[in-house]
Every structure is written in structure tokens, then in C-alpha cells.
Amino acid sequence: MPIVRDPSGLLRLGGVSLAEVVDRLGTPTYAYDVDAMAAGARELEASFEGTPHLVAYAVKANSAGGVVRALAAAGCGADVVSGAELRVALACGISPDRVIYNGVAKTDAELDAAIGAGGSGIAAVQVESVEEIARLEARAAAAGRTVRTGIRMNPNVDLRDVTHANIATGHDTAKFGVPRADVGHAVELLNASPHLVFVGIGAHAGSQCTATAKYVESARTVFDVARALRADGKARSLAYVNTGGGFAIDYTGDAPERPRPADFVRAIRAAKREAGLDDLASFVEPGRSLVAQHGLLLARVIQSKVSAAARWLMIDAGMNDLIRPALYQAKHRVVAVEAPSGSAETARWRVVGPVCESSDDFGEHVLPRAAPRTVAILDAGAYGFVMANQYNGRALPVEAFVSDGRIAASTQRRSPESWVAERVGAGA
Ligand code: LLP
């Protein structure tokens, strides 16, 4: 169920009044519609039409157990980038053989955890450098296990013209992935490593990719390399090609023509068929596109400040709670939770948080001229809570999980006292 305004003017998420969430849990609070997240995952699953695949949900986007469990129940595996995320995925019931692990600098302890998971380790450790291969072989030998290994290569596809530079990862000066020119060498090393078996090749060109053509361009580089390696007899155990995550969502709310995750999948399935790789499984690693639009951040208005320069609306959520506007100049829509009583007059408000930084700024928004009491910052289900921090001594926001038309679960708000005690104690 989407985010809707009911006839009495109240904003609802998954059938639950957001004013009620604020009354019960206070602010700042993230609220997620986990049923809608699961429905999106099922739609993506269906777009593979029974062909071999793995939707490896990028846990980094939203690692809350309530979210990970719902997506797992809808058929997702997991893409993790740290030992801690690996533990979350496994503890949420995702089978190790449905987990892949990316990361440019995995520690030995993290490699050991991936190698040691379950009866035979995870689906694939994806190496991101030639240098990582010897390290992985040494850890595999120490554990006495054979490790399914994938190569995340750098496709040298530059997404900086379609997304923010900070979230483009596929150009050859980015730190991510085995450089394309080194993939042949990496495969030789892998094939010569007695405890490693080369099972997959992939790329992730970047995040918030708005164009299927760019995604397919990155996928084609993967398919070309896979085909060439097979032709040379160097990839006999190859089981999957992985085209990564990065499917964009529409943060503006008025770009209905934007491709849906299933459109990306259809496009890469066609390219994969053309490349003659239909027998290999297709892996994708979506994060944002499964969770962003089904989460929002609730904040109370602390006060307004009207000057000659601007009408400021000062809210109790800041860049520590949602850092995307500060870090990527992202614009998230801000809407009033309760429709104004009386006058419907609107004004341009500059919505800002309480943190002592100029970049603690959610941008200009059209809202009721009479300052609303509570606002919702939309599309905050991905890279919201997971990037939150305690700068300025601010407690982490609370999370509420909406399912079956009710608040099914919520987290506890920590009192600022714990932060105070920790800081006072530091260095004592
Ligand atoms: N796979 C890999 C290897 C990744 O590095 C990422 C994201 C994903 C998959 C998932 O990408 P998604 O489908 O969510 O776009 N904090 C930034 C996004 C950073 C993405 C990092 N990697 C933001 O808020 O926009």
C-alpha cells in the first residue's frame, strides 16, 4: 500500500496514520512499509520468469532485521560488504549459499567468516583486486575449505553523467573492482589456487543509475569477458554473471517514465541471451530500488524563522539522521503529515535541521504557509538509518515497521544520557 493522504487529510503509510506513529514513538523516526518492500521484491523475482537467478539484496541499503527478513521471505538472497552485514543476513535466515560478499578491503577475520559460514561457505566471495586472491587462497587453505570465488571487475563504464559522482563506481579511476585489463591475470591466479573455484564474474557500475542503456553497457562488458573466458576454456566452473545493483528510483515523484527494476532485468536478460550465456545464472544486487520508496523519516517542526532572506522551517531531524542531501546534494520531498486546518495557503519553506553545519539542509519545499507540526521526508528507506550518526550528541533515530496495516514492531529510542556518559568517560 503506497503513501496516501486519507479524506481527513492525514498521511498514511501501509494503512497506518503517520500522526499515530509520531504520537506513539516520537521523532525523528523512520517508518517502513515492509509489505510494500516485499511486494517489490516479488515483482523483481517474477521478472526472471523462472530462469536461474539470484536477487542478492544489498543489505547496506537498509540492514534492519524486519526489512531483511521480509525481503528474504520474498525470495531474496543478500549482497554484503562487511562481516557484520554477513552476520545480519545469516541471522535473518538467509541461507549462506544465497549470500555474496563484495568489498575492496575485507579483513582476514571477515574472509574467515565468509569461508566458515554454514556447511560450505557462502555463494561467492567476490574479489575486487588481483592482490586479494592470494589472501583468500591462504585463508581457504587455513580453513581446509574450497571457496566459491567471483571476480568483481571494473567495467570502465562511467556513470558520472547519469548519477552523482560520489556513487559512480564503474570508471577505471574508481577504487572498485579488478581492472578490466587485469581480469585475465586474475582468472589465471584463481585457476591456479587449489582452494578457490572460479564461479562468477560481475560488475557494479554505480548507484541511482537512471538509464537502462548504461546498465546494459556495463552488463555487456561482463558478458563479453565471460564469453571470451569460456571460449578459451578458462571458466569451466562458471555458474553466474552478476550485473550488480544501482536501479534508480524517482525521488521527484513526477518521473513516471523512469524504468522499473524489472525493466533493467528484462534488458540484461536480452543482452545475456544475445551473448549466448543463457545457461548461466543471472545475479543482481539491488538495494535502493527495493526499499527507498517504502520508507520515510518523520520529524517534528521545532520552530520557524522568517527573515527577509527566507522562511526557515526548523525540524528535529538533521543531517545526522539522513545524510543524503548533505553528501550527494540529494533532494528528498518533504510533506506535511497533517493537512492544514483552515487556510490552504502554501509557502516556500527552507527545511533545515538542528545540526551546526550549513549542509544540514533538506532544501526548499512548498508546504502550508501556517507551519505544519510534523513533516515526512519521503523516499528515505534506503541509505537513511544505516548512515545515521550521533554528531552533535544526537541520539540515533527510531525505526517503525509497518505490516498488515499496523505498527508491527519498533526500535527503542536511546536517551542522550548514554552519549553524554560515553563522551564524559572518554579519556577519563
Ligand atoms: N552492489 C554493490 C557492489 C554496491 O556497492 C552497491 C551500492 C549496491 C550493489 C547497491 O546499489 P543500489 O541498488 O542500492 O543503488 N549511500 C549512497 C549509495 C551508495 C551505494 C553504495 N553501493 C546513496 O545514498 O545514494
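The legends below describe close-up views of a predicted model. Local features need pLDDT of at least 70 and side-chain atom pairs count only at pLDDT 80 or more, while totals for chains, interfaces and linings use all residues. Residues are numbered from 1 along each chain as its sequence is written, and side-chain values use heavy atoms, with hydrogens and water left out.

**View 1. The largest pocket and its lining.** A pocket is found on a 1 Å grid over the protein atoms alone, as an open set of points with protein on both sides within 12 Å along at least five of seven lines; lining residues have an atom within 4 Å of a point. Grid points are joined across faces, edges and corners, and a volume is the space filled by probe spheres set on the points. The volume here is about 730 Å³. There are 30 lining residues, and Ile249, Arg260, Gln293, His294 and Asp379 lie nearest the centre. Helices (H or I, at least four residues) and strands (E, at least two) are DSSP runs, numbered from the N terminus. At least two lining residues come from each of β1 (3-5), β2 (11-13), α2 (34-46), α9 (261-274) and α10 (288-291). Of these, α2 gives the most, with 4 residues. The lining has 18 nonpolar, 5 polar and 7 charged residues. In this count, Ala, Val, Leu, Ile, Met, Phe, Trp, Tyr, Cys and Pro are nonpolar, Asp, Glu, Lys and Arg are charged, and the others, Gly among them, are polar.

**View 2. The second largest pocket.** This pocket holds about 630 Å³ of space. It is lined by 28 residues, with Lys60, Thr169, Phe176, His204 and Tyr383 closest to its centre. Two or more lining residues come from each of α10 and α11 (324-328). By class, the lining has 11 nonpolar, 9 polar and 8 charged residues.

**View 3. The largest cavity.** A cavity is a set of grid points where a 1.4 Å probe fits but cannot get out. The count is 1 cavity of 30 Å³ or more. About 50 Å³ of space lies in the largest cavity. Its lining includes Ala114, Ile115, Val125 and Arg148. Both α5 (108-116) and β9 (147-154) supply at least two lining residues. The lining divides into 5 nonpolar, 3 polar and 2 charged residues.

**View 4. Cys76 and Cys92.** A disulfide is a covalent bond between the sulfur atoms of two cysteines. The cut-off used is a pair of cysteine sulfur atoms within 2.5 Å, and the structure holds 0 disulfides. The sulfur of Cys76 has its closest cysteine sulfur in Cys92, 12 Å away, which is too far for a bond. Buried means under 20% relative accessible area, exposed over 50%, and partly exposed in between (1.4 Å probe, protein chains only). Cys76 is buried at 2% relative accessibility, and Cys92 is buried at 12%.

**View 5. Strand β19 (residues 374-377) and its partners, β14 and β16.** In a regular strand the side chains alternate between the two faces of the sheet. Thr374 and Ala376 are buried on one side of β19, and Val375 and Ile377 are buried on the other, so that both faces are covered. Two strands pair if DSSP finds at least two bridges between them. Strand β14 (residues 295-306) pairs with β19 in the antiparallel sense over 4 bridges, and Leu298 stands opposite Ala376. Strand β16 (residues 334-336) also runs antiparallel to β19, joined by 3 bridges; here Ala336 has Val375 as its bridge partner.
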